[in-house]
Amino acid sequence: TTHAVAAQAPVSKPRPAVAQVKSGWDRKYVDSQLGFEIARPDGTWQMDVTDELTPEGVSIPIVLREKDSGAQVVIQVAPALVSPTQYAERLTNGLRAHSGFITSDPEPLAISDNAVGFRFTMGDKVIGRVAVREGTTGHILMMLATWPRTAPETVSSRVEEIFGSVRPVPRG
């Protein structure tokens with residue numbers, strides 16, 4: 001699956017159900033256990049809450065999908081063993097090691113003082129975008145988006161909107 005970029009195959013591990021939803025499932029979701037919030041741009045994006053956890057301790061709590069375009073955004077929360085820049089560099093190098101992946105170099109992003117990101121392509125069919133920023137103390141927030149090259153140009157701006165909505169919140 002495309003959301004296992006930061007780690008190997010995810011394994012399910014129960015997590016206490018302390019996640020909160022604000023305004024119903026209208027737009028914003030807050031996970032007080034993992035310490036982040038996210039908003040979807042509009043009702044065309046389906047938001048799925050998961051309890052996936054990789055063997056490396058990376059949580060995959062949210063997957064957003066836009067059915068019409070085939071776009072997907074995956075949120076990962078990882079232990080802050082390195083800085084967001086180092087995390088992005090490791091992801092870039094990991095993707096470059098796979099045949100068919102082409103990535104840009106990590107660059108600063110305006111979504112926070114410490115956010116970095118890069119773009120990538122998988123062959124000639126898939127476009128991707130990654131953003132990494134600090135989360136709550138001891139955590140890194142990573143956002144991974146993929147969409148078909150044939151998707152409308154508005155998908156890219158919606159992905160940026162989602163990335164900009166992901167931010168740390170106090171942990172419960």
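I looked up Phe120 to start. Its relative accessibility is 2%, so Phe120 counts as buried. The cut-off for buried is under 20%. I note that this is a predicted model, and my values are computed from it.

Next I checked Phe118. Buried or exposed? Phe118 comes out at 0% relative accessibility, so I put it down as buried.

Then I turned to aromatic ring pairs. How many are there? I count three aromatic pairs. Pairing needs ring centres within 6.5 Å.

Tyr29 and Phe36 are both buried.

I went back to Phe118 and Phe120 as a pair. Here the ring centres lie 6.4 Å apart. The planes are at 50°, so Phe118 and Phe120 also form a tilted pair. Which residues make up the cluster linked by ring pairs? I find Phe101, Phe118 and Phe120 in it.

My last entry is on Glu37. Where is it found? I place Glu37 in strand S4, which covers residues 36–39. Its relative accessibility is 9%, so Glu37 counts as buried. I then listed what Glu37 touches, leaving out residues up to four places away in sequence. The list holds Lys28, Tyr29 and Val30, and also Ser165, Val166, Arg167 and Val169.

Conventions. Residues numbered from 1 in each chain as written. Predicted model: local features only at pLDDT ≥ 70, side-chain atom pairs only at ≥ 80, totals over all residues. Heavy atoms only, no water. Phe/Tyr/Trp six-rings, centres within 6.5 Å; stacked < 30°, edge-to-face > 60°. Buried < 20%, exposed > 50% of the residue type's maximum accessible area, 1.4 Å probe, protein only. Helix = DSSP H or I, 4+ residues; strand = E, 2+ residues; numbered from the N terminus. Contact = heavy atoms within 4.5 Å.
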